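Here is a briefing for a reader who is meeting this structure for the first time. Please look over the sequence and the model before reading on.

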Amino acid sequence: MKNKLVIVLLLFIALPVIHAEVKLPSIFSDHMVLQQQTKVKLWGSSKGKGQVEIITSWNSKRYQAPISNKGRWEVWVETGKAGGPYNIAFNDGDQTFLTDVYLGEVWLCSGQSNMEMPIKGFVAQPVEHSIEVTANALKTIPIRLFTVKKVASKKTLEDCQGSWGLNTSENVMNFSATAYFFGIQLYKSLNVPIGLINASWSGSAIQSWMSSESLQSYPAISQEHLNNDVQVNNAHLLASMLYNGMIHPIKDFIYRGVIWYQGESNRQNPSLYESLFQDFVKDWRFQFKNDTLPFYYVQIAPYAYEDKNAVGTALLRQAQYNCEKKIPNVGMVVTMDIGNETCIHPAQKKEVGDRLAYLALAYSYDKKGVFAHSPRYESYKIKGNRIVLSFERVPMGLTSFYKPLQCFQIAGKDGQYHQAKARIVNGSEVEVWNEEIQEPVSVRYAFKNFVKGDLFGVNGLPVSSFTTGY
């Protein structure tokens with residue numbers, strides 16, 4: 001390591017000295033993690049003329065980046081296998097160094113309050129395991145944390161505010177709990193440096209995270225605010241405001257994938273959300289120039305809202321459920337077992353982060369033996385006065401952990417749902433009935449704003465709420 005740094009310094013001694021200064025966006029700083037074994041883009045500005053010389057210590061390669069007449073430069077550099085710490089040297093006449101740089105796995109973590117919620121919790125709203133995980137934080141563990149400062153903008157910005165932090169107790173306690181638990185599990189399983197970038201905003205709507213171009217086919221979503229100087233309220237609910245201020249500045253950074261936890265603020269229009277979410281994923285993949293970018297997202301947790309027995313957010317969960325079938329290379333974490341009737345921010349963020357990590361390990365890192373999906377309803381058959389449900393993704397079958405199934409409802413020809421009895425049959429099917437309904441038509445499971453799911457795969461992951469009559 002020391003020899004590589006000496007080589008970098010010696011190479012710079014021979015460079016001509018003029019007075020200039022390389023400026024880097026905030027996403028590039030000491031302690032950062034770059035995606036391993038690929039090509040990553042570095043960019044910035046300079047007051048110099050000619051070119052910027054860049055030397056990367058992990059391979060001692062020298063790159064030249066021409067400086068445009070606007071003072072901009074960019075270059076693609078090769079990264080090797082995970083490791084560090086390394087240095088990157090820049091010279092446009094003056095020398096700039098980035099130190100303590102690691103190569104590893106980089107994930108963008110975004111959404112609304114359940115992603116923003118830090119390890120220390122919100123006021124009067126705890127996160128389980130917070131003291132334990134904070135106390136166990138060590139700066140020698142190569143997990144690095146970057147939080148994008150909340151900025152809403154009518155115009156696309158070129159830079160954001162934030163800096164890379166070490167894995168210290170102080171940094172960890174203030175970082176996204178979902179994202180951090182995700183990162184810890186990846187680190188334990190992969191044993192490589194992990195870079196986590198958190199860009200989230202409590203109460204935000206999905207359309208605010210989408211580019212203006214991606215929303216052109218949605219005339220009902222106004223974009224007038226983007227083209228005038230009038231001050232706006234609730235910017236986090238308006239089209240493109242958070243994309244412009246928090247995502248556009250970092251869209252050229254190279255990510256291994258995205259984790260996403262959002263949907264509560266779009267619960268009033270589930271069908272619109274189903275369409276928006278598909279275009280949202282497509283938009284980010286386009287902006288990040290990666291058509292197959294892995295995208296793992298969290299189904300919103302049960303919560304009473306106005307009426308715990310209403311089905312409004314069950315419909316939003318159904319929209320998220322449908323998207324998993326419609327979008328390639330995505331996976332959905334189900335949270336039917338960890339909702340809270342009176343708090344929209346469940347304390348079990350470790351379960352959420354772990355489940356996201358299991359999806360990434362199984363499908364992005366091809367870790368054998370990790371079966372990371374929840375079982376998913378597939379089809380049904382009517383047999384007399386009973387409906388038998390079949391499920392996919394159940395290699396070891398279904399379980400209720402030996403408790404009676406209490407979350408099923410069944411409807412006859414009148415379309416009115418009634419509480420049903422249910423039992424697991426043949427290992428991976430569920431038989432549902434109500435003796436008062438002789439000609440059943442449809443079944444639904446856990447289809448309420450708030451309910452504690454009681455059907456699981458043998459892998460311990462819960463089944464999503466669903467309806468056969470959707």
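Two strands are said to pair if DSSP finds at least two bridges between them, and strands (E, at least two residues) and helices (H or I, at least four) are DSSP runs numbered from the N terminus. This is a predicted model, in which local features need pLDDT of at least 70 and side-chain atom pairs count only at pLDDT 80 or more, while totals for chains, interfaces and linings use all residues. Residues are numbered from 1 along each chain as its sequence is written, and side-chain values use heavy atoms, with hydrogens and water left out.

**An open sheet**
- The strands β1, β3 and β6 form an open sheet in the order β1-β3-β6, with antiparallel pairing.
- At its edges lie β1 (22–23) and β6 (72–78), each of which pairs on one side only.
- Seven bridges link strand β3 (residues 39–46) to β6 in the antiparallel sense, and the bridge partner of W43 in β6 is E74.

**The whole chain**
- The protein chain contains nine helices and 24 strands.
- Its C-alpha atoms fill a box of roughly 90 × 50 × 40 Å, taken along the principal axes.
- Of the 470 residues in the protein chain, 59% are buried, meaning under 20% relative accessible area with a 1.4 Å probe, counting protein chains only.
- Among contacts (heavy atoms within 4.5 Å) in the protein chain between residues at least 6 apart in sequence, 74% join residues at least 24 apart.

Methods
Buried < 20%, exposed > 50% of the residue type's maximum accessible area, 1.4 Å probe, protein only.
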